[in-house]
Amino acid sequence: LHARYVLQLLSETRRVLKEMPNITHLSTSYSKEITVCGDLHGNLDDLLLIFYKNGLPSEQNRYVFNGDFVDRGQNSMEILIILFAFLLIYPNDLHLNRGNHEDYIMNLRYYFRGVGEVISGLSLEMRELLKIALATV
């Protein structure tokens, strides 16, 4: 994915997240299930396995991701891009709760461990936008 499109995705995600309330109330009923996930820590295989077993996010297949999307694994950026894209497509059906690994200070400390070469290759503008997008989640 070209950096220009990643920048657009981050910018649009930030805009959408800023419009959302800080606290989201969800209800479950017999007709609506919600898949709750957490602690992906940059492991793309885990995210793909979740989607394989439970289906892709949609209006009929809602998800809540309880933070810690990044760090440790080697695919933190890919996970963010996928989750942010689905958030833009289904803003009422995919919910992202920020974990401690999405905190700016934690990112300074761990630097998206395993993908430092990807982050260091980003422009200053893209790094700042990524920082703001993560802080907005």
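Me: Where is Asp93 placed?
Reply: This is a predicted model, in which local features need pLDDT of at least 70 and side-chain atom pairs count only at pLDDT 80 or more, while totals for chains, interfaces and linings use all residues. Residues are numbered from 1 along each chain as its sequence is written, and side-chain values use heavy atoms, with hydrogens and water left out. Helices (H or I, at least four residues) and strands (E, at least two) are DSSP runs, numbered from the N terminus. On that numbering, Asp93 sits in the loop between α3 and β3.

Me: Is Asp93 buried or exposed?
Reply: Buried means under 20% relative accessible area, exposed over 50%, partly exposed in between (1.4 Å probe, protein chains only). The relative accessible area of Asp93 is 9%, so Asp93 is buried.

Me: Which residues is Asp93 in contact with, leaving aside neighbours within four places in sequence?
Reply: Contact means heavy atoms within 4.5 Å. With those neighbours left aside, the partners of Asp93 are Ser58, Glu59, Arg62 and Tyr63.

Me: How many Å apart in space are Asp93 and Ile34, C-alpha to C-alpha?
Reply: In sequence, 59 residues separate Asp93 and Ile34. In space, C-alpha to C-alpha, Asp93 and Ile34 are 8.8 Å apart.

Me: What is the strand order of the open sheet?
Reply: Two strands pair if DSSP finds at least two bridges between them. Strands of a sheet pair through backbone hydrogen bonds, either parallel or antiparallel. Here the pairing is parallel, and the 3 strands have the order β1-β2-β3.

Me: Which strands stand at the edges?
Reply: Each edge strand has a single partner strand, so one side of each is left without a neighbour in the sheet. These edge strands are β1 and β3 (94-97).

Me: Which residue of β3 is the bridge partner of Val64?
Reply: Strand β2 (residues 62-66) runs parallel to β3, and 4 bridges join them. For Val64, the bridge partner in β3 is His95.

Me: Which residue of β2 is the bridge partner of Thr35?
Reply: β1 and β2 run parallel, joined by 4 bridges. The partner of Thr35 in β2 is Tyr63.

Me: How many of the 5 residues of β2 are buried?
Reply: β2 is largely enclosed by the rest of the structure. The buried count behind this, out of 5 residues, is 4.

Me: At what angle does α3 run to β3?
Reply: Axes are lines fitted to C-alpha atoms, for helices over the stretch in contact, and angles run from 0 to 180 degrees between N-to-C directions. Helix α3 (residues 76-89) lies across β2 and β3. Its angle to β3 is about 130°.

Me: Which residues of α3 make the contact with α2?
Reply: The axes of α2 and α3 come within 9 Å and cross at roughly 35°. From α2, the contact is made by Leu44, Leu47 and Phe51. From α3, the residues are Glu78, Ile79, Ile82, Leu83 and Phe86.

Me: With which side chain does the side chain of His41 make a polar contact?
Reply: His41 is in the loop between β1 (34-37) and α2 (44-54). His41 counts as buried because its relative accessibility is 8%. A polar contact is a pair of N or O atoms within 3.5 Å; within protein, one must be able to donate a hydrogen and the other to accept it, and residues adjacent in sequence count only if both atoms are side-chain atoms. At 3.3 Å, the partner of His41 is Asp39.
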